[in-house]
Every structure is written in structure tokens, then in C-alpha cells.
Amino acid sequence: MNFKDRIVRATGQKTPFRMIVVDLTATMNEIGSKHNAKGYMLKLLAENTIASIFLSSGLKFPGTVKFTTKFSGEISSIQSDSTPMGLVRAMVPQAELQAVGANEPAIAPQNIEVLKLNEFGKRVHESIIEAPSISMGQNLATYLLQSEQIRSAVGIEADFNKEDPSKLDYAAGFYVEAFPGLEDKDIAILEQIVLNLPKFKDMHKAEGFDSDELLDQLRGPYDIEIIREIEPKAYCPCSKDRMVATLATLPLADLNDLRKDGKNLDVVCDFCRKNYTITTQDLDDLIKDRKK
């Protein structure tokens with residue numbers, strides 16, 4: 001039994017399909033603690049991030065997938081970024097998150113936005129679809145069919161601890177993709193396997209989520225080959241230089257307004273919540289550069 005966070009990628013040895021199993025529980029508890037996310041919002045944050053991981057696992061280059069769900073209601077959006085190597089980060093607008101607290105927000109899903117970047121940050125794919133459901137698994141499967149013409153089955157679920165809503169009991173998911181050439185009889189078998197999978201909560205043990213059980217159940221009668229297993233990690237590439245570079249894109253008038261206060265600026269990263277101090281000297285240097 002394996003109870004640690006992992007991303008397992010596998011393919012059928014003789015049957016053309018691939019599958020991915022993810023356990024992201026500890027990683028999302030770490031990310032959630034930085035945001036002070038609780039209850040239903042922690043659950044949504046985790047499920048959105050697993051959807052991003054499934055997409056980045058299919059990248060053929062060392063890039064990044066930004067998976068954003070837009071809502072109407074008390075929460076406007078959730079964004080999750082991930083890489084093929086399992087580096088992840090996620091965010092919800094902080095003011096909205098803290099206003100909701102541990103309560104279930106009043107929201108309606110609107111759109112799913114997927115942005116794929118290459119290793120140099122250049123956009124290589126961008127797509128927006130209408131979100132059909134609050135279920136991240138259904139949303140991802142719909143996106144794949146509409147935007148990438150991929151037939152898939154996706155299950156994504158997180159659940160928070162009822163005694164301590166700041167902690168997830170589990171955050172896990174599976175992804176099965178049919179490759180070209182998969183016969184109808186095998187599609188029918190795989191569909192039946194997915195329909196008969198145990199509930200996620202039944203695979204959650206006292207030690208954690210049993211991702212080995214999910215993988216064994218998902219493979220059914222097929223022999224599979226584990227292509228890669230990765231331990232996901234919370235990671236944010238933010239830095240003071242990046243924050244200063246972002247400020248440099250502001251109009252000169254806005255920079256002058258910020259400088260008029262004569263105070264240092266405290267800027268917080270939306271993803272990792274790390275605080276950076278932008279000094280008056282930093283602002284002076286930006287203004288000077290803009291005037292050249």
C-alpha cells in the first residue's frame with residue numbers, strides 16, 4: 001500500500017490506452033495552509049489542481065499548464081499551475097477566500113480556461129469552454145473532448161476533515177485516455193471498470209489514501225506498464241525581481257502615485273503568499289528607467 005503523494009503514469013502493455021493516478025493530499029494541505037483555505041474551498045482548490053496535473057502530464061515539452069475555473073457568485077475563480085515534473089501551485093482571490101471561510105460558497109461554474117506555456121513562457125495553446133458542472137472531473141473530460149478531441153474518463157475528488165476543516169482527508173483522482181485504435185470492446189470494458197470503481201472515501205484508510213488500490217482497480221484485466229512515478233511538490237517561482245518586473249509594466253503615472261506616499265510597498269504573491277518589500281529606491285529606479 002502506498003500512502004504518500006504521487007503521480008503515477010502508465011500505459012496498457014498490449015492495449016492502446018494510458019492512465020494516470022494522483023494522490024495530492026499532503027501537497028494540497030501544504031498549499032491550503034499558506035492560503036488559510038478551509039472546508040469546501042480547500043476541496044475546490046485541490047480538485048482544480050488535480051485537473052491541471054492531468055493536463056500537464058500530457059505535455060510533450062517542459063512547460064506549464066494553467067487551469068482556471070471561473071465562477072459566478074461568492075468566488076470568482078480558482079487557478080492552478082502545474083508542470084510535467086509535478087510542481088504545483090494554486091490560488092483563489094484572498095479576500096473572497098477569507099470571506100467564505102469554511103462555509104460552502106454560493107457559486108455557479110461558468111468557464112474553464114486552459115493555457116499551456118512552453119519552457120520560455122510562450123503560449124502554445126489556449127482554450128476556453130463553458131463549464132458544464134461543479135465536478136472538476138466532468139469539466140476536464142468535456143474540455144478534452146471539445147478542445148483536443150480526446151476521449152477520456154476522469155474522476156477527481158477531495159474531501160476535508162469534518163473535525164478540522166483546514167485539513168484534507170484525501171485529494172485524489174484518475175484519468176484514462178483512449179488512444180487511436182482502441183477497439184470498441186475494450187472501450188466498453190474500461191467504461192465498466194470506471195463505473196464499478198470503489199468510492200474514493202472507501203480507499204481512504206487511517207494511514208492515508210491508498211493510491212495502489214485505485215491503480216489496481218483501474219487497470220482491471222489489463223496488463224499495464226508504469227512509465228513514470230513522480231512525487232508532486234508545492235512550488236512557486238516568484239521572487240522580488242519578478243515582483244519588480246510586474247510593477248515595471250504599470251503606467252508611469254501609477255508608479256509616480258505609488259512613490260508619492262514615500263513608503264515601501266509590501267507585495268504578497270497570490271500563489272505562495274510570500275511577502276516582498278519593494279523599497280522607495282526600487283520605485284525610484286523603475287521611474288528613472290521609464291524616463292530614459
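These are my notebook entries on what I looked up in this predicted model.

**Ground rules**

I number residues from 1 along each chain as its sequence is written, and side-chain values use heavy atoms, with hydrogens and water left out. Since the model is predicted, local features need pLDDT of at least 70 and side-chain atom pairs count only at pLDDT 80 or more, while totals for chains, interfaces and linings use all residues.

**Entry 1: the sheet**

I began with the strands. Helices (H or I, at least four residues) and strands (E, at least two) are DSSP runs, numbered from the N terminus. Two strands pair if DSSP finds at least two bridges between them. I found an open sheet of 6 strands in the order β7-β6-β3-β4-β5-β13, with mixed pairing. Its edge strands are β7 (123–130) and β13, each of which pairs on one side only.

Next I followed β3 to its partners. β3 (residues 64–73) and β6 (residues 107–117) pair in the antiparallel sense over 10 bridges. Phe 71 has Pro 109 as its bridge partner in β6. Toward β4 (residues 77–82), β3 makes 6 bridges, again antiparallel. There I noted Val 65 bridged to Ser 82, and Lys 66 opposite Asp 81. β3 and β4 form a hairpin with 3 residues between them. As a reminder to myself, strands of a sheet pair through backbone hydrogen bonds, either parallel or antiparallel.

**Entry 2: helices on the sheet**

Which strands does α2 touch? α2 packs on the sheet against β3, β4, β5 and β6, and its direction makes about 40° with that of β4. Helix α4 (residues 136–148) lies across β3, β6 and β7, running at about 120° to β7. For these angles, axes are lines fitted to C-alpha atoms, for helices over the stretch in contact, and the angles run from 0 to 180 degrees between N-to-C directions.

**Entry 3: the cores**

I then looked at what is packed inside. A nonpolar core is a set of buried Ala, Val, Leu, Ile, Met, Phe, Trp, Tyr and Cys residues joined through side-chain atoms within 4.5 Å. Buried means under 20% relative accessible area, exposed over 50%, and partly exposed in between (1.4 Å probe, protein chains only). The largest core has 46 residues, and Phe 54 and Leu 140 have the most contacts inside it. α2 supplies the largest share of this core, 11 residues. A second, separate core of 22 residues includes Met 19, Leu 182, Phe 209 and Ile 224.

Apart from neighbours within four places in sequence, Leu 140 is in contact with Ala 51, Phe 54, Leu 55, Phe 67 and Val 154.

**Entry 4: helix α1**

In α1 (residues 25–35), I found Thr 25, Thr 27, Met 28, Asn 29, Ile 31, Gly 32 and His 35 buried. The elements covering these buried residues include β2 (17–23), α2 (39–56), β5 (87–91), α3 (94–100), β9 (168–178) and β13 (233–234). After α1 comes Asn 36, whose phi is positive, near 55°.

**Entry 5: salt bridges**

How many salt bridges does the structure hold? I read 19, each a side-chain nitrogen of Lys or Arg within 4 Å of a carboxyl oxygen of Asp or Glu.

Lys 43 and Glu 47 meet at 2.8 Å, N to O. Both lie in α2, 4 residues apart, about one turn of the helix. An α-helix has 3.6 residues a turn, so residues three or four places apart point the same way. Lys 43 and Glu 47 are both buried.

Arg 123 and Glu 126 form another salt bridge, with the closest N and O atoms 2.8 Å apart. Here both residues are exposed.

In the Lys 240 and Asp 282 salt bridge, the closest N and O atoms are 2.9 Å apart. This pair links distant parts of the chain, with Lys 240 in α7 (residues 240–247) and Asp 282 in α9 (residues 280–291), 42 residues apart. Lys 240 is partly exposed because its relative accessible area is 30%, whereas Asp 282 counts as buried at 17% relative accessibility.

**Entry 6: the Arg 6 network**

My last stop was a network: salt bridges that share partners join Arg 6, Asp 212 and Glu 229. Arg 6 sits in β1 (residues 6–12), and it counts as buried because its relative accessibility is 5%. Leaving aside neighbours within four places in sequence, the residues in contact with Arg 6 include Val 21, Val 22, Asp 23 and Ser 211.

Methods
Contact means heavy atoms within 4.5 Å.
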